[in-house]
Amino acid sequence: MNVYRHFLSVPKSILDVGCNVGAWLGDCANRWPQSRLAGIDINQASLATAKIRVPFADIRQSGAENIPFEDDSFDYVTCIEVLEHLPPDLRPKAFTEMRR
């Protein structure tokens, strides 16, 4: 999967929803070291690894349906390999949260 091709410009900030162990955020840090990075996930053990892998990223425990950042905080929001795991009733709220 080539997610990079969807970026229209060098991102100033990226939020990865469902960041897991921070693999994608680590790739982003290597590609765009000047970008502000953040990630959320519900799995505390995964988040502990993400915080080690990308120590300068703002990593928080949260679900996609309740993102703990202000409106318009990020240029880009990614959500890779996550949506199919959300219960159908939470998907509309998750999309609304990512869009804001």
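Which residue in S4 is the bridge partner of Asp 16? The partner is Thr 78; the points below set this pair in its surroundings.

1. Basis of the note. This is a predicted model, in which local features need pLDDT of at least 70 and side-chain atom pairs count only at pLDDT 80 or more, while totals for chains, interfaces and linings use all residues. Residues are numbered from 1 along each chain as its sequence is written, and side-chain values use heavy atoms, with hydrogens and water left out.

2. The sheet. Four strands form an open sheet in the order S3-S2-S1-S4, with parallel pairing. Strand S3 (58-61) and strand S4 (76-78) are at the edges with a single partner strand each, so one side of each has no neighbour in the sheet. From one strand to the next, the twist averages 15°. Strands (E, at least two residues) and helices (H or I, at least four) are DSSP runs numbered from the N terminus, and two strands pair if DSSP finds at least two bridges between them.

3. Strand S1 and its partners. S1 (residues 13-17) pairs with S4 in the parallel sense over 3 bridges, and Ile 14 has Tyr 76 as its bridge partner in S4. With S2, the parallel pairing of S1 extends over 5 bridges, and here Asp 16 stands opposite Gly 39. In S1, 5 of 5 residues are buried, where buried means under 20% relative accessible area, exposed over 50%, and partly exposed in between (1.4 Å probe, protein chains only). Ser 13, Leu 15 and Val 17 point one way from the strand, and Ile 14 and Asp 16 the other way.

4. S2 and S3 are joined in the parallel sense over 4 bridges, including one between Asp 41 and Gln 61. The chain passes from S2 through H2 to S3 in a right-handed β-α-β crossover. S1, H1 and S2 also make a right-handed β-α-β unit. Right-handed means that, with the strands pointing away from the viewer, the path from the first strand over the helix to the second runs clockwise.

5. The helices. Helix H2 (residues 44-53) lies across S2 (36-41) and S3, at about 170° to S3; axes are lines fitted to C-alpha atoms, for helices over the stretch in contact, and angles run from 0 to 180 degrees between N-to-C directions. In H1 (residues 23-31), the buried residues are Trp 24, Leu 25, Gly 26, Cys 28 and Ala 29. Their cover includes S1, S2, S3 and S4, contact being heavy atoms within 4.5 Å.

6. Nonpolar cores. A nonpolar core is a set of buried Ala, Val, Leu, Ile, Met, Phe, Trp, Tyr and Cys residues joined through side-chain atoms within 4.5 Å. The largest has 17 residues, of which Phe 7, Ile 14, Leu 37 and Ile 59 touch the most other members. H1 supplies the largest share of this core, 4 residues. Apart from it lies another core, of 11 residues, among them Leu 15, Ile 40, Phe 69 and Leu 86.

7. Cysteines. The count of disulfides is 0, a disulfide being a pair of cysteine sulfur atoms within 2.5 Å. For Cys 28, the nearest cysteine sulfur is that of Cys 19, 11 Å away. Cys 79 is likewise in no disulfide, and its nearest cysteine sulfur, that of Cys 19, is 11 Å away. Cys 28 is buried, with a relative accessible area of 0%, whereas Cys 79 is partly exposed, at 22%.
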